[in-house]
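I want to look up a few strands, a helix and some ring contacts, and jot down what turns up.

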Amino acid sequence: MEKTIEDKKIESMLEDNAIENELINDYINDSETEYKKEEGIYLPSGQALEENELYEITSKENIDLIFMVGPVGCGKTTIEVMLYQMFLENTFDDLYFSGSKTLLGFEERAKSIRISSGNSEPQVERTRINDEKKYLHLKLLNKKNSKTHNVILTDVSGEDFNECKNNVDLMKEKFANIRSSKVVCIVLDGAVIVDKIKRNSILSEGMQLLQTMKDANLISRDIVICIVLSKNDVIQNKIKEDVNIKEFIDFIEERIKSKFIDLKEKIYLQKVTALPDDNEEIEHSESLLELITKWINYEDKGIQSNIIYNKDDDKLVDEFNRLGMKIRGEA
Amino acid sequence: MKEYSYYIVGLPSTGKTTFLAALYYFLINNQGKDYAFRLKRIVGNSSYLGEISKRWAEFDKALRTPLTGDIKETELELEDQMGNIVRAKFPDLSGENFERMINDRIITKENRDSIVNSDKIFLFINPEEIDIGLLIKKIDKEYRKEKGNIIDMGRKINIPTQTKLVELLQFIEFIKKEVQINLDIIISAWDVIDNSKYNNPIEFIEAKLPLLWQYIFSNSKTFNINYWGISAQGGDLDDQDTKEKLADLICAEERIRVVDKNGNSINDITVPFLISEGE
């Protein structure tokens with residue numbers, strides 16, 4: 001019987017699957033040549049953590065949750081990856097890398113910016129929408145005061161924020177953990193800020209996000225709001241051509257503070273060059289070091305495992321306050 | 001009699017087997033009391049050590065531990081300068097085993113037990129095999145090559161060497177739980193190090209492996225650390241002149257050079273096996 005077009009399509013799809021299956025089998029065979037997996041003992045995955053996996057850290061130590069917020073492509077993931085990368089390249093006077101439960105998570109995000117990727121241009125992959133593995137961990141030692149900080153960085157897709165930037169209920173539902181943050185970091189794309197057609201829209205988007213988070217009761221008074229202007233190297237280059245850019249940037253902090261007067265004392269602007277453009281002389285590590293040093297040096301907030309559970313807020317049941325609940329015999 | 005177990009960690013081609021080969025040769029051919037340890041007796045089957053030390057003495061640089069087969073665990077009875085007898089056990093694991101731990105996130109039970117029972121961990125680093133995880137941006141555009149669309153099943157990420165080393169130490173910490181860990185970091189092929197830049201192994205690690213340096217510094221409560229620079233081959237065996245010069249030595253063990261954390265140079269390769277009381 002002659003094959004129909006549909007039959008041929010199915011056959012072709014099956015062939016594609018066969019290639020894929022072969023590759024997967026190769027991988028499995030490769031990994032299991034010397035010992036069977038079931039005979040081994042699993043080691044920590046090293047990947048970005050899911051919320052319930054954070055308990056492993058919060059049950060023992062305090063954490064500094066840094067909630068990274070911003071639209072698609074603004075540079076959130078690049079900043080996070082480069083925060084890790086700067087410790088691979090440098091030893092700083094006061095801040096030492098002290099460990100990470102998510103080294104593989106950082107490396108997965110860094111693979112496309114390394115020469116080993118075979119790419120000729122670095123391109124940090126987009127964070128997947130609704131990805132549960134969104135927490136990256138950096139343990140740092142502040143040598144000045146011998147204090148250890150467990151910095152947890154969220155890596156959430158810009159699309160996720162896009163959905164709820166003007167939707168209070170959705171923001172509350174999806175990002176209840178913002179309430180547990182030490183710092184909410186709103187990232188504004190520096191490469192767009194220099195475009196006079198788009199810059200007001202980008203700033204407005206940041207304002208919308210902050211307004212919606214506030215209206216969703218996610219921003220308490222002790223949360224620090226860090227407005228990050230990413231890709232500062234691009235900004236500095238464009239300023240040479242257009243002085244209005246500087247004026248606009250100088251106005252950003254003032255504008256946000258005047259809009260959110262009650263949060264005024266907790267808002268600050270930080271310019272960051274995470275991955276400088278080719279042949280740039282700007283030392284990217286300096287701005288990143290300043291960024292993370294400021295985050296950890298705010299002393300008044302941070303998730304202290306024994307006091308974070310607020311009994312009045314029964315809805316806030318997440319992994320951060322499980323220990324608090326446990327202490328009270330409620331979990 | 002004391003019994004000490006050593007666990008030898010290192011990525012592929014980091015000189016673990018060469019070190020053991022040189023050690024065995026040294027122990028078999030020296031009875032002097034000036035050394036930290038001398039061989040009291042061979043316990044059981046040390047054919048493996050005999051074979052690799054023979055190849056070491058014949059300048060065979062291709063000493064590699066096969067991945068397949070059992071862990072090449074060897075036991076030797078050593079005597080220290082005070083006359084104390086120490087039974088030393090040390091497995092020789094191929095570097096691929098450690099690569100697998102990182103890639104597959106799994107460890108065999110046997111291997112796990114060796115870590116749990118170890119009194120001292122040796123971490124080997126080859127200064128010539130350090131992948132720094134170079135960023136594309138650090139290379140001039142004209143030198144960049146596009147590989148094109150390669151099939152990436154997510155099976156392997158090229159992880160920088162120091163990240164792998166930190167991960168391995170985190171695994172050891174995870175396995176040993178709350179116990180303080182005796183860790184000796186050994187920079188192998190110390191003869192290739194530029195002595196005008198680095199006087200001792202600490203200076204080298206600080207400069208070339210900053211992530212590892214920061215990690216071990218800030219976890220000094222967990223790790224009781226010592227550092228060594230060891231040249232077990234004696235030089236680059238691919239260089240015929242070097243090889244000839246080394247072959248001219250009357251005692252082959254003079255090829256061995258051990259540099260301690262302060263930069264002092266000796267040729268006693270048994271020193272790293274010392275475990276002081278309280279460690």
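Which residue stands opposite Val184(A) in E6(A)? I looked it up, and Phe67(A) is the one facing Val184(A).

Housekeeping before I go on. This is a predicted model, where local features need pLDDT of at least 70 and side-chain atom pairs count only at pLDDT 80 or more, while totals for chains, interfaces and linings use all residues. Residues are numbered from 1 along each chain as its sequence is written, chains are lettered from A and ligands numbered from 1 in the order in which they are written, and side-chain values use heavy atoms, with hydrogens and water left out.

**Strand E6, chain A**

My element names follow DSSP runs, numbered from the N terminus: helices are H or I with at least four residues, strands are E with at least two. I count two strands as paired if DSSP finds at least two bridges between them. E6(A) pairs in the parallel sense with strand E2 (residues 63-69) of chain A over four bridges. E6(A) also pairs with strand E7 (residues 224-229) of chain A, again parallel, over six bridges. There, Leu188(A) has Leu229(A) as its bridge partner.

Next I checked burial (buried is under 20% relative accessible area, exposed over 50%, partly exposed in between, with a 1.4 Å probe and protein chains only). Six of the six residues of E6(A) are buried. In a regular strand the side chains alternate between the two faces of the sheet. Here Val183(A), Cys185(A) and Val187(A) take one side, Val184(A), Ile186(A) and Leu188(A) the other, and both faces are covered.

**Strand E6, chain B**

I then turned to strand E6 (residues 120-125) of chain B, where six of six residues are buried too. Lys120(B), Phe122(B) and Phe124(B) point one way, and Ile121(B), Leu123(B) and Ile125(B) the other. I noted that the buried set includes a lysine, Lys120(B). With strand E7 (residues 181-188) of chain B, E6(B) makes five parallel bridges, one of them putting Ile121(B) across from Leu183(B).

**Rings**

My search of the whole structure gave 20 aromatic pairs over all chains. The rule: rings of Phe, Tyr and Trp (its six-membered ring) pair if their centres lie within 6.5 Å, and planes under 30 degrees apart are stacked, over 60 edge-to-face, the rest tilted. Tyr84(A) and Phe106(A) are stacked because their centres are 4.9 Å apart and their planes at 20 degrees. Tyr84(A) sits in helix H3 (residues 76-89) of chain A and Phe106(A) in helix H4 (residues 103-110) of chain A, so the pair ties together parts 22 residues apart in sequence. Both Tyr84(A) and Phe106(A) are buried.

Phe161(A) and Phe175(A) are stacked as well, with centres 4.7 Å apart and planes at 25 degrees. Phe161(A) is in helix H5 (residues 158-164) of chain A, and Phe175(A) in the loop between helix H6 (168-174) and strand E6 (183-188) of chain A, 14 residues apart. Phe161(A) counts as buried at 1% relative accessibility, and Phe175(A) at 3%.

In chain B, ring pairs link Tyr6(B), Phe19(B), Phe90(B), Phe122(B), Phe124(B) and Phe273(B) into a cluster. Phe122(B) and Phe124(B) are the two I had already logged on one side of E6(B).
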